[in-house]
Amino acid sequence: MLFHSPEFIFGFIPLSLLGFFLLARHSHALALGWLTTASLVFYAWWNPVWLPLLLASIGLNFCAGRAIASRVGVESGRTQRAAGRARASSRTLLIGSIAANIALLVGLVVTCLGCLALIRTQTTNGNLAFLRSKVPNNPGPF
């Protein structure tokens, strides 16, 4: 689903907004849950295979954010030295989280490029049997 497609403009956006505003009257937590579910549906619409990867990234970022908040949030009762250590450890967590997200994206791109190179190599050699072996009951011209 693309942002300019009729499904998005006339279907997804109105349903998402309607659900959000109706649920927000009763509970902000329900409205946020609806919005989260709608976002996951939007991203899974193109290819649901990537949904576990997205959920893993969200989970990693959520845990890192909670850990950073717990370290920085209690600075008021600490000495200046302890507060400095808390900021340094939270900075380390932030950098580690960003590095993990970048590594995830780089790994995904390298894997996709490797698959494309394999397909390109196999198709230029005229050997398409490996495609038929991966798809059950493929009556294709291979």
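The model is predicted: local features need pLDDT of at least 70, side-chain atom pairs count only at pLDDT 80 or more, and totals for chains, interfaces and linings use all residues. Residues are numbered from 1 along each chain as its sequence is written, and side-chain values use heavy atoms, leaving out hydrogens and water.

**Exercise 1. State how many helices and strands the protein has, and give their pattern.**

Solution. 
- Count DSSP runs: helices are H or I, at least four residues, and strands are E, at least two.
- The protein has 5 helices and 0 strands.
- The pattern along the sequence is α-α-α-α-α.

**Exercise 2. Describe the lining of the largest pocket.**

Solution. 
- Define the pocket: on a 1 Å grid, an open set of points where a 1.4 Å probe fits, with protein on both sides within 12 Å along at least five of seven lines.
- Lining residues have an atom within 4 Å of a point.
- Count them: 15 residues line the largest pocket, with Tyr43, Trp50, Leu51, Leu53 and Leu54 nearest its centre.
- Helix 2 (28-46), helix 3 (51-72) and helix 4 (80-124) each give two or more residues to this lining.
- Sort by class: 12 are nonpolar, 3 polar and none charged.

**Exercise 3. Is Asn101 buried or exposed, and what does its side chain contact?**

Solution. 
- Locate Asn101: helix 4.
- Apply the cut-offs: buried is under 20% relative accessible area, exposed over 50% (1.4 Å probe, protein chains only).
- Asn101 has 17%, so Asn101 is buried.
- Its side chain makes a polar contact (N or O atoms within 3.5 Å, one able to donate a hydrogen and the other to accept it) with the side chain of Asn61, at 2.7 Å.

Key
Ala, Val, Leu, Ile, Met, Phe, Trp, Tyr, Cys and Pro count as nonpolar, Asp, Glu, Lys and Arg as charged, and the others, Gly among them, as polar.
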